[in-house]
Amino acid sequence: MTDPFVSHRSLLFTVAYEMLGSAADAEDVVQETWLRWADVDQAEVRDPRAYLVRVVTRQALNRLRSVSRRREDYIGEWLPEPLLTTPDVAEDVELAENVSIAMLTVLETLGPAERAVFVLHDVFDVPYGEIAEALGKSTSAVRQIAHRAREHVAARRPRMQVDRAQQEAAVERFLAAVSNGDVQGLVDVLAPDVVVISDGGGVVPAARKPVVGAERVAALLARAAELTGFTASATWVNGMPGVRLDVSGSAAALSLVVEDGRITRIYGINNPHKLGWLDRVADLRR
């Protein structure tokens, strides 16, 4: 018989990652959950999945409160740690949208309790009663938190192209243009008010404020294509079509938001401390 922790490990990682936006922190939280699971009398646990989700939530909340303070001192824009995913993650449209870099960036604007409630209920369908037990709050309080969080997210979440063929077509056009340093080709595939948000963490060069406008963004990308050893390749980033850039041993992940066939937002992560998962595939499940 498979140990329940092993059976639900991918789910636990996904919950922790959704709450923290960091694969490294999520792995630490899952390991802490395993230690607590190993110490409990498992025969007394009626619902192992609910128990494990409750433990991972508490551990993630503890970590979230501490990393939130660290992120206040972060140099430049803070973006979530990108994950290399397989195309089948995109088949679960709701999961793909919720683990996207765009959505995780919105979740960063929630308080710890709001983020936990939103992730558990709206992404993973955990009943309010179970969330209340995990958070040490009443069910009615959790319902109120969920309502506030849902309104907050709805006002900030970007519209996304749900048609996968159109997503991929836009990414292919972008990839061809950026590979050739084709400024006009980039302008054509970018929305006029496209926004680029970059995260270098103060470790590598990156714009510390968003870059706005198709012409400015196209020029920025075209300059990158002139660098020695520059290559661009299509990949799947957090369940969405994306691009990996490599320049003389350094890498970057681009997560693209597509709307009406054009790219409206680009999230670029080139902080080397956040790129450990670009060479291994994340197993994300609900």
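UniProt, in an unreviewed entry, places the feature "domain: RNA polymerase sigma-70 region" at residues 7-69; such annotations may be inferred rather than shown by experiment. The model is predicted, with local features needing pLDDT of at least 70 and side-chain atom pairs counting only at pLDDT 80 or more, while totals for chains, interfaces and linings use all residues. Residues are numbered from 1 along each chain as its sequence is written, and side-chain values use heavy atoms, leaving out hydrogens and water.

The largest nonpolar core has 69 residues, and Phe 13, Tyr 17, Leu 83, Leu 107 and Phe 118 have the most contacts inside it. Such a core is a set of buried Ala, Val, Leu, Ile, Met, Phe, Trp, Tyr and Cys residues joined through side-chain atoms within 4.5 Å; buried means under 20% relative accessible area, exposed over 50%, and partly exposed in between, with a 1.4 Å probe and protein chains only. Domain 1 (4-76 + 106-155) and domain 2 (164-274) both give residues to this core, so it lies between them; the bounds come from an automatic or database domain assignment. A second, separate core of 28 residues includes Leu 175, Ala 177, Leu 190 and Leu 256.

The structure also holds 4 aromatic pairs. Rings of Phe, Tyr and Trp (its six-membered ring) pair if their centres lie within 6.5 Å; planes under 30 degrees apart count as stacked, over 60 as edge-to-face and the rest as tilted. Phe 13 and Tyr 17 are stacked because their ring centres are 6.2 Å apart and their planes at 5°. Both residues are buried. Trp 37 and Tyr 51 instead form a tilted pair, with 5.8 Å between centres and 50° between planes.
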